[in-house]
Amino acid sequence: MIFFLETLIGGLLAGTMYSLVAIGFVLIFKASGVFNFAQGAMLLFSALTFVSLQEHGIPFLQSLLLTVVVIVIGAVAIERAVLRPLMNRSQITLFMATLGLSFILEGLAQGLMGAEVRALDLGIEDTPLMLGEVMVSQFDLVAASTAAVLVTVLALLFNKTHIGISLRAVADDTRAALSIGINLNRIWQIVWAVAGCAGLVAGLLWGARQGVQFSLSLVVLKALPVLIIGGFTSIGGAIVGGLIVGAAENLAEVYVGPSIGGGITPWFAYFLALVFLHVRPAGLFGERAIERV
Amino acid sequence: MNQLVHRLPKPFDNAPLEIVPHRVPWGLSGLAVFAFFAVPWLGSDYWLNAILIPFLVLSLAGLGLNLLTGYAGQTSVGAAGFMAVGAFATYGLLLRVPGLPLPVALIGGGLIAAAVGWVFGIPSARIKGFYLMVTTLAAQFFLEWVFTKFPWFYNNASSGTISAPRLELLGVDLSSPVGRYLLTLVTVALLTWVAVNLVRSQIGRNWMAIRDMDTAAAVIGIRVERDKRRAFAVSSFYLGIAGALWAFAYLGTASAGSFDINRSFQILFIIIIGGMGSIAGNFIGAAFISLLPIVLSYAGQALLGGSVDAGQIQNLQKMIFGTLIIWFLVKEPDGLVRLIASLREKLAVWPLRF
């Protein structure tokens, strides 16, 4: 029983890491309808930038600020060069453009900052913590609380600030938002920057766990089933989806994996997502599309 | 009694059977003759092995994906998974059924891939767009895992690889570069011919209606779910045969890793750059994709002379690639094939303008 609880809690906490990645997707998809495949590359790029700055002896806070500046510049550039010329194109076209974008970012990140594995120390101890009889990883706890903080900040941003309310207006009805004078291009720039910052947080946590390297950009593939389960348009869905995927993946690897050859984590989450999709084709919290002919 | 007789107009006796006159353009026939008869004589082993065979196989794979994505409108990022099914199934058939002729094994591999594709097409009945795309990713990862985890598929080889079994047809050995080239060329030519007719037939028209708007297609009586599944099956058939050729005619030795997600993306890029919903586009896109790295590495060598290491050139290649994709999407969403067509239109009236 204790082992089961440990597996479950470990999975849930690992799931919040997935949620962190998925939130970046949701933000961009909500505001601009772009399924941003480059989220993983953005994650890699920002984490690499941060690590490189640290290696040059710049203290933690300054490097964080500089990285955010780089992200904002990147977001503006992406909006100018990619999104604006492709306005009003089909969603699939935009998705493919982000595929191209991910190639550029990956090439740029590795070309400028090297391809070797970098260690990243955030000063979080990875010693197990005993809660009653259950052993919990301290690092995972920190990651989970970071996710909680991030979601709170985002919720405040969306509900209390002028920018956030414009963002929600754009997400609700782009045309109506345009007609009351909301600057769509500016909103997109902001959303991409915010998603980039969410990506930075995710990238730092993942990077501290497994080293900052190319495989960081593959975290994206982990986040996709989370999105499917939670729905593309709901931040809450991303959190719940992440928890479900994390827990189910851990439990399946431990209890089902050995009987079918093990190593099932790469696809189990997708399998789970498929089952969910069959019941709810727009995810748990996604908006059901109404089609008119 | 004065009967009111409503007369229908008499049907034309000479009503055209074909709506679009179908004839093979001279240029294409010339190209075919050249590819079949001149290239085997002229081409060096390097050209055949490293450029022409992969180009042809990638064109075929692009064709398979284009049927699904460009014609039926179902975006798939699991193309390489179905290629793997074709490769491993063909290998298994040749290995376990003694005396099975190569073409039969290829078609068998394709049919098995088609069956797998049909199964992974089932969700398309309920799921659309990005959600569906993620299910094709599920196929990609699941299939890759299957062909790594279960040694039965690669005959318990310790390396986990499959290598070209007997490549022969009616006693003729096809394992030389020219033989493999001709095998690939004949397969690709036949399948392309089938595809051209397929997209002109009822099922191809149904696919295009579904692509343009599936709700509307359902309203006019197209059985959307059935036709989507068929698109998955036909596309996987093509991809399966392409996978078998990729493994045995090009690589020689393949493993599940030869069909990873990057291969899927490569094939997706072929159809984006070449042109979605176009048969010729696959060939143009595949030529572009397979020649670009070669050109870039030559250019890198020539411009920078060995001073830059291979890793940097690869990064540069990636960036150029990404830029080109975005550039294409912005400038010419219909791909190279449209670019060439409009160039031809302009040249036809040159130096005047429309």
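These legends go with close-up views of a predicted model. Local features here need pLDDT of at least 70, side-chain atom pairs count only at pLDDT 80 or more, and totals for chains, interfaces and linings use all residues. Residues are numbered from 1 along each chain as its sequence is written, while chains are lettered from A and ligands numbered from 1 in the order in which they are written.

**View 1. Where chain B meets chain A.** The contact draws 35 residues from chain B and 38 residues from chain A, with two residues counted as touching if their C-beta atoms, placed from the backbone, lie within 7 Å. On the chain B side, two or more residues each come from helix 5 (129-149), helix 8 (214-219), helix 10 (261-274) and helix 12 (310-331) of chain B. Helices are DSSP runs (H or I, at least four residues), numbered from the N terminus. Helix 12 of chain B gives the largest share, 13 residues. By type, this side of chain B holds 23 nonpolar, nine polar and three charged residues; Ala, Val, Leu, Ile, Met, Phe, Trp, Tyr, Cys and Pro count as nonpolar, Asp, Glu, Lys and Arg as charged, and the others, Gly among them, as polar.

**View 2. Helix 2 of chain B and its bend.** Look for L65(B), where helix 2 (residues 45-71) of chain B bends by about 35 degrees, the angle between axes fitted to the seven residues ending there and the seven starting there. Of the 27 residues in helix 2 of chain B, 20 are buried, meaning that 20 or more other C-beta atoms lie within 10 Å of a residue's own. Just after this helix, G73(B) has a positive phi of about 75 degrees.

**View 3. Helix 2 against helix 10 in chain B.** These helices of chain B pack at about 75 degrees, with their axes 9 Å apart; axes are lines fitted to C-alpha atoms over the stretch in contact, and angles run from 0 to 180 degrees between N-to-C directions. The two are therefore roughly perpendicular, a term for angles of 65 to 115 degrees. Among the residues meeting here are L65(B) of helix 2 and I267(B) of helix 10. The contact divides into seven nonpolar, five polar and no charged residues.

**View 4. Helix 1 beside helix 6 in chain B.** Helix 1 (residues 26-42) and helix 6 (residues 177-200) of chain B pack at about 170 degrees, with axes 10 Å apart. That makes them roughly antiparallel, the word for angles over 145 degrees. F36(B) of helix 1 and L185(B) of helix 6 are among the contributors. Nine nonpolar residues, no polar and no charged, form this contact.

Methods
Buried ≥ 20, exposed ≤ 12 C-beta atoms within 10 Å, placed from the backbone. Parallel < 35°, antiparallel > 145°, perpendicular 65-115°, else oblique.
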